[in-house]
Amino acid sequence: MAFPHRPDAPELPDFSMLKRLARDQLIYLLEQQHEVDKLYKVENKPALSSSEQLCFLVRPRIKNMRYIANLVNADKLAGRTRKYKVIFSPQKFYACEMVLEEEGIYGDVSCDEWAFSLLPLDVDLLSMELPEFFRDYFLEGDQRWINTVAQALHLLSTLYGSFPNCYGIGRCAKMSYELWRKLEEEEDGETKGRRPEIGHIFLLDRDMDFVTALCSQVVYEGLVDDTFRIKCGSVDFGPEVTSSDKSLKVLLNAEDKVFNEIRNEHFSNVFGFLSQKARNLQAQYDRRRGMDIKQMKNFVSQELKGLKQEHRLLSLHIGACESIMKKKTKQDFQELIKTEHALLEGFNIRESTSYIEEHIDRQVSPIESLRLMCLLSITENGLIPKDYRSLKTQYLQSYGPEHLLTFSNLRRAGLLTEQAPGDTLTAVESKVSKLVTDKAAGKITDAFSSLAKRSNFRAISKKLNLIPRVDGEYDLKVPRDMAYVFSGAYVPLSCRIIEQVLERRSWQGLDEVVRLLNCSEFAFTDMTKDDRASSESLRLILVVFLGGCTFSEISALRFLGREKGYRFIFLTTAVTNSARLMEAMSEVKA
Amino acid sequence: MDCYTANWNPLGDSAFYRKYELYSMDWDLKEELRDCLVAAAPYGGPIALLRNPWRKEKAASVRPVLDIYSASGMPLASLLWKSGPVVSLGWSAEEELLCVQEDGAVLVYGLHGDFRRHFSMGNEVLQNRVLDARIFHTEFGSGVAILTGAHRFTLSANVGDLKLRRMPEVPGLQSAPSCWTTLCQDRVAHILLAVGPDLYLLDHAACSAVTPPGLAPGVSSFLQMAVSFTYRHLALFTDTGYIWMGTASLKEKLCEFNCNIRAPPKQMVWCSRPRSKERAVVVAWERRLMVVGDAPESIQYKQLTIQVLLDRLVLRRLYPLAIQICEYLRLPEVQGVSRILAHWACYKVQQKDVSDEDVARAINQKLGDTPGVSYSDIAARAYGCGRTELAIKLLEYEPRSGEQVPLLLKMKRSKLALSKAIESGDTDLVFTVLLHLKNELNRGDFFMTLRNQPMALSLYRQFCKHQELETLKDLYNQDDNHQELGSFHIRASYATEERIEGRVAALQTAADAFYKAKNEFAAKATEDQMRLLRLQRRLEDELGGQFLDLSLHDTVTTLILGGHNKRAEQLARDFRIPDKRLWWLKLTALADLEDWEELEKFSKSKKSPIGYLPFVEICMKQHNKYEAKKYASRVGPEQKVKALLLVGDVAQAADVAIEHRNEAELSLVLSHCTGATDGATADKIQRARAQAQKK
């Protein structure tokens, strides 16, 4: 369990500095500057506080401005005067100030900025905590956060030295990278002196690989996230887990020794491991029986606390496992996984389609139904017109007509599309390119490809061997490749791309894959020779997920790292999973 | 030996002094200095002279003339004074000449005599005229203090950030004070004034009487006062010929001296040698100079920093010298050479006789892409001089597109600003430009501009979605984007409209838009929704309860749960609900009602399109094994084993599996053989397996 790293694996940089930085800034802003004593969540309801000053710590969103405006105007109506302070994080946007002005309260509030963009959730995981990035960029085409990403990368390179090797794929990756480079050039000299601590950086857009993010997670950490939702590195375990009448907020990271050993494990191993652990623990407790007083004193003062702590964690995770098993068996989890695997492998499409239809008809869950439809669409390069219409009709009948807008969103993001008759498209393309100049043809092709973003999943899957050939049973206890995170059925595409590029140290030989990803213009490599980069640092890789990454991907890359003697560090706009992606695309009645 | 001391003269009993000329003044003065207003800038800065300041004649020959000289008397500028009478002159810390007029207007000139700006000291000053004025320096900048004809004081502590402060009245003050000065204590400017035998300290809140400690008695008037450059020390000269020296806080006396001269001195100032701890006051009369020293103390002057020195050279347009100094001192480019070059360029753009092309080229040749040079700053200066075209040319050299934007906006080149903002990748900047454009252009042009900039368009749409819904609609209309228009009205049908008629109307508009967008699916779905809404309304009217906004599925379910089976059937037919869905739906609803009789009737109404396993499942979910068993027998052979296991009939499940000779089914049953009674069944399966292997 919890395979050790190779002895030559590099040490991770110390990210606690980032945490301290952020915390100190915030405490300063809240306490010193504004003397804040109590925190409330920003919700659209009147503030009950009687204090003379209200301070809002918000994301720069128009919705939040409207909320603040309502509150201030309500105070004004009531003849109440107090001071208002808005702290924008990570930065203030002009549009927000505009709204404050339009709502007539610009003069009543004062504004501040908290330039906080990186939260270390774990020793190897940095999150920008920007879940809205996904919808803003991939659906609305809003590029506002790209600057924030560039700033975050700039901060990292100032603290940990520049990155000698840079790779990336995706439009957003390229824009972020270029903006970041510009920042570095402007502030030349600051980073130059530092010895690079991290040898490689890899930027990847979420839309390069929707498939992985849409799959049900079966490694423990991912499953906990799917089942209980991990927020900011901690999870609320309800009474069914804690086996008491209270909920418990539990931090999930490498410091939890029990969790650290099972987080990357396939769920089927976890229960066995935990019960073994419980038996060992019992044995350690039992040692007390034969002790004399002196030994007992030692035991109580030195070991007991650790054992009790372990005991507590153990019972929590056992509780979580039980709860997961109960939920998963109820909804026939095995059937679901089987269908997903069939979709990934591309067989029994009709059967899978009927399964999805039944899923919708039975109103199992709007988000799950949607997820399966998207998975079918992406793996099949779009739904055939008949299915596209009928599944959507069924969905609207089950879950309500407002989802007509959800479908419009999904289509725009390329998550749920209608199969374009492939031949026709290429025929039009070639005809057009004969008629007009190259440049214009490029533009027209762009327009076409945005109309029907073809995922080409099947072709990519073949090219990159994403479906491992299995002779006999896949031993999930001793994983042989990254596919173990999906029960041996599928190697996550995103992770495979990263693996391939790192192996080659470039995109060379991956032209076909890049073309299939519709990303010929947006795959880049940039190497600067830095002799000061130690061989250790060259085995440290920072992977940047723009639009979110899942715990399964993290587990898979951790596994790859152990195999190859690398260590991966993850920087993501937010940790995500299939439900979060689908919710971001859904229209709900407000 | 005596040649060394030959030029030393005795001063008092124990000191000697010598006098030697540092340099002679280059100027050629015709007037007596006493007839001029004179101001010398600190740190050896320029000297300003205003000749004939008090003449009011209009004749050009006797009009006042303002001359500016360097500290060594080199003429820098000379101009005829055409404004009002000047009361006082003084230099700011930035070497700007402040000329305080009688009417309270302050005119500001550069050291080359170039007019910079003017400001007023306020209405009160304008009405009562300026009696006396002082320019003073604090750590915040240079200030102006005014004594008006009404014997009130007005001051501004920093003319760079003008805030006028009218000081409180001095009780009983009927005539001008005999002498006054500005003080700066605790970062606040004060005024100290003498009225007869009394001293008053004015701050912006109060007027308080103060007494210098250890002052000899018999004083009936103070004739002169002087405060040191750092505002730490104060000297007072009394009508008894007595000099009091102490701290400016008036808390401590340093020394006193009786000079026995009762005539008012012309001038009294503090002085000291650099780095010396000795402090002294110099008092001057018409023909006499007196130096009064005090005890040593431990402060040092702050030296001029190298940056200030460079600034001064730049002000004097001595660019090459400044650059040589930078190079000699090996200053980093950004602080040194680049900065000087940038100043040079700003000067260069003011040369009106050179063509735009030549200026731009000359500047680019010299500056290239020197780090730290901001072409946009230089361009801003060019624009300030009215050279818009030159400004645009210079902006082209600016590598950071974002930096170009503010000036382009100022110059009303908003469309260019928009593309530069987009190039910069800074969405916030793009948005700023957008709002500019929106105010500047008419709606049609604004939309056209957006149309060509997809990134800006999506940004603006986002804004409209939250803040200006009507504009959003217009945007879609303009683009003939019927798909989005349809979506817009769909959203309106449940987000903004409340009455059912309004909602249906919004849906109708949406459906029309979808037809135009050739999205027949969405159009039909929308029309279905209109029908459903109307129907739900009718159901609420006729049956009561809540139907509006339920999905079709939930509407039918609600009808069944309410016992309105006929209605449910009708609805299902009207909306062509597929059989499979209807069966799932009814099955679930009837089981929820635990209406087992109706469920059985329903199951027999025709052959189930979803098979009978779901019946078994749902009965077991409601813990009704009896009913479940009824359906288990009807489950088709493929799912028979599953059904039997569900109702707990392991033995029969084993029989069926054996009969099927299906290995997967056999192991499934085996995994269910957990009870004590299942031993025999397990054996049976093992035997069947063994037999199957033999064959």
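**Chain B: a sheet and an interface**

Guide: In this predicted model, Val144(B) stands opposite Ser156(B) in strand S13 of chain B. Strand S12 of chain B, residues 141-148, runs antiparallel to strand S13 of chain B, residues 153-156, and four bridges join the two. Both strands belong to an open sheet of four strands in chain B, ordered S11-S12-S13-S14 with antiparallel pairing. The edges of this sheet are strand S11 (130-138) and strand S14 (165-166) of chain B, each of which pairs on one side only. In general, such pairing in a sheet is made through backbone hydrogen bonds.

The contact with the partner comes next. Chain B gives 46 residues to the contact and chain A gives 44. Together the two chains bury about 3,800 Å², with 53% of that area on carbon and sulfur atoms. Across the interface of chain B and chain A there are 21 residue pairs in polar contact, both residues being at pLDDT 80 or more. Four salt bridges are also found across the interface of these chains. In a salt bridge between the side chains of Glu140(A) and Lys465(B), the N to O distance is 3.0 Å.

On the side of chain B that touches chain A, the elements giving two or more residues include helix H10 (414-424), helix H11 (427-440), helix H17 (520-543) and helix H20 (579-593) of chain B. Helix H13 (454-467) of chain B is also among them, and H13(B) gives the largest share, eight residues. By type, the residues on this side of chain B are 16 nonpolar, 15 polar and 15 charged.

Technical notes. Residues are numbered from 1 along each chain as its sequence is written. Chains are lettered from A and ligands numbered from 1 in the order in which they are written. This is a predicted model: local features need pLDDT of at least 70, side-chain atom pairs count only at pLDDT 80 or more; totals for chains, interfaces and linings use all residues. Side-chain values use heavy atoms; hydrogens and water are left out. Two strands pair if DSSP finds at least two bridges between them. Contact means heavy atoms within 4.5 Å. Buried area is the accessible area (1.4 Å probe) that two parts lose on being put together, summed over both. A polar contact is a pair of N or O atoms within 3.5 Å; within protein, one must be able to donate a hydrogen and the other to accept it, and residues adjacent in sequence count only if both atoms are side-chain atoms. Ala, Val, Leu, Ile, Met, Phe, Trp, Tyr, Cys and Pro count as nonpolar, Asp, Glu, Lys and Arg as charged, and the others, Gly among them, as polar.
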